[in-house]
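Let's walk through this model together, starting with the overall layout and then moving to a few side chains. Keep the 3D view open as you read.

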Amino acid sequence: TACGCISIDASRQSIATAPSYADLKAQMTSHLHGELCEQCRDVLESELGYTFFYITALCNLFDLSIEEVMQAETKRLAALGMYNLT
């Protein structure tokens, strides 16, 4: 962020030797440090709003249901089960 309230440390993470996939998620971090200040939160909400506007416009243009698109993506992510590290 411009003010520095959030920083990203995308360095390589160290993990225990050969953890199981179930334990791997617990050992990983998000790489984010800090908390969004109110000003940065407002900017992020605005940018996400613009993105949602364009996604909705594309769905309308191609006669797609945004709800069905989101449900299909949720099913794809759920199919990954424990291999989904997000």
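Starting at the N terminus, the elements of the protein chain come in the order β-α-β-α-α. That gives 3 helices and 2 strands; helices here are DSSP runs of H or I with at least four residues, strands are runs of E with at least two, and both are numbered from the N terminus.

You're looking at a predicted model, where local features need pLDDT of at least 70, side-chain atom pairs count only at pLDDT 80 or more, and totals for chains, interfaces and linings use all residues. Residues are numbered from 1 along each chain as its sequence is written, and side-chain values use heavy atoms, leaving out hydrogens and water.

So how confident is the predictor? The pLDDT (its confidence in each residue, from 0 to 100) averages 84 over the protein chain, with 84% of the residues scoring at least 70.

How much of the chain is buried? Of its 86 residues, 7% are, where buried means under 20% relative accessible area, exposed over 50%, and partly exposed in between, using a 1.4 Å probe and protein chains only.

Now find helix H3, residues 66-79. The count of buried residues among its 14 residues is 0, so H3 is hardly covered, going by the under-20% cut-off. After H3 comes Gly81, which has a positive phi near 55°.

Glu73 is partly exposed at 35% relative accessibility, while Arg76 is exposed at 53%.

Finally, look for aromatic rings: the whole structure has 1 aromatic pair. Phe53 and Tyr54 have ring centres 5.2 Å apart and planes at 75°, so they meet edge-to-face. Rings of Phe, Tyr and Trp (its six-membered ring) pair if their centres lie within 6.5 Å; planes under 30 degrees apart are stacked, over 60 edge-to-face, and the rest tilted. Phe53 is exposed at 54%, and Tyr54 is exposed at 54% too.

Terms used
pLDDT = per-residue confidence, 0-100.
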